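Colleague: I am new to this one. Please show me the model, and then I will ask about it.

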Amino acid sequence: MPLDPSFIGRTYPPTEPYEVGREKIREFAAAIGDANPAYTDAEAAKSFGHPDVIAPPTFPFMLTFRAAAQVVEDPELGLDYSRVVHGDQKFAYTRPVRAGDRLSVTISIDAIKSLAGNEVLTIRGEVHEANGEHVVTSIMTLVARAAEAGEE
């Protein structure tokens, strides 16, 4: 069943703030195999002009994907998550994520398209610091694969 295009523009409530910790940044950097000292050493980060360690560019995925659950689990939208694959991910930064940030994500549906029987859903996540400062925008594309003959 096609997704309802009237959901385009729908915005969901902001998430509770997530406090970014130095250790979480270090763990993430280790998990992705990025040894940039700005991710693990406060003095190195300061030498690059940052007030504390910064997170790798893909770190906000964890926050924005979690926030996107509001869309995925919205019963009115009717998305069959068992058919969903992650199609694309983009980030547009105002500034890096830093240790000590308290980040909230506001999720909106930017687009819903049908392509070859698949439903393509574009979700925007606006990530802000607790003081209201914009940090990064995430654009996530989810693809709900079409049911094959006899599968519905």
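Modeller: Start with helix α3 (residues 60–67), where Pro60, Leu63, Thr64 and Ala67 are buried, meaning under 20% relative accessible area with a 1.4 Å probe, protein chains only. Helices here are DSSP runs of H or I, at least four residues, and strands are runs of E, at least two, numbered from the N terminus. This is a predicted model, in which local features need pLDDT of at least 70 and side-chain atom pairs count only at pLDDT 80 or more, while totals for chains, interfaces and linings use all residues. Residues are numbered from 1 along each chain, and side-chain values use heavy atoms, without hydrogens and water.

Colleague: Which residue does Glu76 form a salt bridge with?

Modeller: A salt bridge needs a side-chain nitrogen of Lys or Arg within 4 Å of a carboxyl oxygen of Asp or Glu. For Glu76 the closest N and O atoms are 3.4 Å apart, and the partner is Arg10.

Colleague: Is Asp52, which meets Arg22 in a salt bridge, buried or exposed?

Modeller: The N to O distance between Asp52 and Arg22 is 2.9 Å. Asp52 lies in the loop between α2 (42–47) and α3, and Arg22 in helix α1 (residues 22–32), so the pair ties together parts 30 residues apart in sequence. With a relative accessible area of 13%, Asp52 is buried.

Terms used
Buried means under 20% relative accessible area, exposed over 50%, partly exposed in between (1.4 Å probe, protein chains only).
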